[in-house]
Amino acid sequence: MKMSLSTLQKMAESHEKIAILTCYDATFAAVLESAGVDALLVGDSLGNVLHGNTTTLAVTLRDMIYHTRCVAQGASNAFIIADMPFGSYQKSPEQAFENAAALIAAGAQMVKIEGGHLMADTVRFLAQRGIPVCAHIGLTPQSIHQLGGYKLQGNNDKAAKQLSDDAKALEKSGASLLVLEMIPAKLAKKITQSLAIPTIGIGAGPDCAGQVLVLHDMLGISQGKKPRFVKDFMANSNSIQEAISHYVNTVKTGQFPGKEHQF
């Protein structure tokens, strides 16, 4: 049965963890789906793991449409979320709608945009026009130059309050999911408990409604220094399929992320 937004919401309400991985092509879409991954994120992380760039900023809308279409060809049941790349939604809600519509036409069921309360009007504009939105706060890779690097966010009282306020504003505006990236586990738990929509953590502790990792990171094949929140699931696996199944199982049972992966 095809996963839907209402399915993910019901999973969160029944405290069944949501397992998500990034995906960029049809073959891996089929592999991830058969291993039990609930949702596939066509991430602009493809700029790093496929294109070899140090940031996601050079990824284009054309790139995202192409890879979304590829993933949609390989996935029969998994829910598909597509990142909106840098520059494709920040100018105006109208610009965001036009570009989000192109990703939905390519096979996405939801688009993901980065940013806090400043993106609330854009989230509202999309949601009111039938485009489901996954918001993304905390470490937002498209703002990496402004943030000054890949650093922990929300680690003081003022910053933590801002993230909590952002989360509530985005939910009120119509966001249906919220990614929390690289924030203290206690803050992620507090935000998760304050919202009715599911939260998806990446470096945000075990208390989010679900977890997401970059596929190449969890397979141990990405280049460069690995973030603290990453676990190499290939290390004790005999196949890619087994590694992905192990990831899904440890997310579902709450074993991942462990304390060593938290802030």
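G148 counts as partly exposed because its relative accessibility is 47%, where buried means under 20% relative accessible area, exposed over 50% and partly exposed in between, with a 1.4 Å probe and protein chains only. You'll find G148 in the loop between α7 (144-147) and α8 (157-173). From G148 to A160 is 12 residues in sequence and 18 Å in space, C-alpha to C-alpha.

A quick word on what you're looking at: this is a predicted model, where local features need pLDDT of at least 70, side-chain atom pairs count only at pLDDT 80 or more, and totals for chains, interfaces and linings use all residues. Residues are numbered from 1 along each chain as its sequence is written, and side-chain values use heavy atoms, with hydrogens and water left out. Helices (H or I, at least four residues) and strands (E, at least two) are DSSP runs, numbered from the N terminus.

Now for strand β5, residues 133-138, where 6 of 6 residues are buried. In a regular strand the side chains alternate between the two faces of the sheet. Here V133, A135 and I137 lie on one side, C134, H136 and G138 on the other, and all are buried.

| Pair | Sense | Bridges | Residues opposite each other |
|---|---|---|---|
| β4 (residues 110-114) and β5 | parallel | 4 bridges | K112 and C134 |
| β5 and β6 (residues 177-181) | parallel | 5 bridges | A135 and L178 |

To get from β4 to β5, the chain goes through helix α6 (residues 120-128), and this β-α-β crossover is right-handed: with the strands pointing away from the viewer, the path from the first strand over the helix to the second runs clockwise.

Next, two helices. The axes of α2 (residues 26-34) and α4 (residues 61-74) come within 7 Å and cross at roughly 45°; such axes are lines fitted to C-alpha atoms, for helices over the stretch in contact, with angles from 0 to 180 degrees between N-to-C directions. α2 and α4 are therefore oblique to each other, as angles under 35 degrees count as roughly parallel, over 145 as roughly antiparallel, 65 to 115 as roughly perpendicular and the rest as oblique. On the α2 side A26, A29 and A30 meet C70, V71, Q73 and G74 of α4.

Helix α4 also holds T68, which counts as buried because its relative accessibility is 0%. Leaving aside neighbours within four places in sequence, T68 is in contact (heavy atoms within 4.5 Å) with V42, A82, L103, A106, G107 and A108.

Conventions
Two strands pair if DSSP finds at least two bridges between them.
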